[in-house]
Structure formats: structure tokens, C-alpha cells
Amino acid sequence: QVSTQSTWVQKGIMIGGEKYFALKADPTLLYGKKGAGGVCIAKSTQAMVVGIYAGGDGVNPANTNTAVEALRDYLVSVSY
């Protein structure tokens, strides 16, 4: 289970040596931001789906979030 919102906001999110500021956290979803870039992490039953976007690469953060959440939803639908 993903930790509480306050824990993530206090500590941030470390991925690949980069620290992201936690914007939102709930038991299955975590959003983070660093400069113009960011990260979306979604938890299924057995997997963590991670989408990272670098600002200026033409990727819309909402599109990243939608893709990550859709993949998570698919994994949940097939019991994974």
C-alpha cells in the first residue's frame, strides 16, 4: 500500500537518483513533480506502473497520467 499523503509530501519521491515533490498520494496512486517534469505511479494488485515525463519533451502530464492509470486498470482487470 502506498503511504499516506503527508509522508510523501514530507519525504518526496526518489526515482533513479532524482527527487520529485509529491503532489498527490492515495493507496494506489502517486503523482510527483520536478521542475517541468514529473512522475505518475499507479499500483495494481501485483505491479507498480511508473510513467516519467521530462518537461519540454512534448509530453503532456495529463497524457502520462492517463496512460499509467489505464495500464494499471487493465492489469487490475486481468487480476495482475
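Helices (H or I, at least four residues) and strands (E, at least two) are DSSP runs, numbered from the N terminus. With that in hand, welcome to a quick tour of this predicted model, in which local features need pLDDT of at least 70, side-chain atom pairs count only at pLDDT 80 or more, and totals for chains, interfaces and linings use all residues. Residues are numbered from 1 along each chain as its sequence is written, and side-chain values use heavy atoms, with hydrogens and water left out.

**Strands and hairpins**

- Strand 2 (residues 18-26) and strand 3 run antiparallel and are joined by five bridges; strands count as paired if DSSP finds at least two bridges between them.
- K24 sits opposite Y31 of strand 3.
- Strand 3 is also joined to strand 4 by six bridges, again in an antiparallel arrangement.
- K34 has G37 in strand 4 as its bridge partner.
- The hairpin of strand 3 and strand 4 has two residues between the strands, and G35 takes a positive phi near 60° there.

**The nonpolar cores**

- The largest nonpolar core has eight residues: L29, Y31, C40, A42, A47, V49, V68 and L75. Such a core is a set of buried Ala, Val, Leu, Ile, Met, Phe, Trp, Tyr and Cys residues joined through side-chain atoms within 4.5 Å, where buried means under 20% relative accessible area, exposed over 50%, and partly exposed in between (1.4 Å probe, protein chains only).
- Strand 3 (29-34), strand 4 (37-43) and helix 2 each supply at least two residues of this core.
- A second, separate core has seven residues, including I13, A22, A25 and L30.
- Leaving aside neighbours within four places in sequence, V68 is in contact (heavy atoms within 4.5 Å) with C40, I41, A42, V49, V50 and G51.

- Apart from neighbours within four places in sequence, R72 contacts T28, L29, A42, K43, S44 and V49.
- T64 is another helix 2 residue, and its relative accessible area of 9% makes T64 buried.
- Not counting residues up to four places away in sequence, T64 touches G51, I52, Y53 and V59.

**A glycine in a loop**

- G12 is found in the loop between helix 1 (5-11) and strand 1 (13-15), and G12 is buried because its relative accessibility is 10%.
- G12 touches K19 and Y20, once residues up to four places away in sequence are set aside.
- G12 and G32 are 20 residues apart in sequence, with their C-alpha atoms 7.9 Å apart in space.

**After helix 2, and the surface**

- V78 belongs to the segment after helix 2 and is partly exposed, as its relative accessibility is 43%.
- L71, Y74, V78 and Y80 make a nonpolar surface patch of about 400 Å². Patches are made of residues with over 30% relative accessible area and no salt bridge, with like charges joined within 9 Å and nonpolar side chains (Val, Leu, Ile, Met, Phe, Trp, Tyr) within 5 Å. A salt bridge is a side-chain nitrogen of Lys or Arg within 4 Å of a carboxyl oxygen of Asp or Glu.
- S79 is also in the segment after helix 2, and S79 is exposed because its relative accessible area is 58%.
- Although S79 is not a glycine, S79 has a positive phi of about 60°.

Key. Accessible areas come from the Shrake-Rupley method with a 1.4 Å probe; for residues, only the protein chains shown count as cover.
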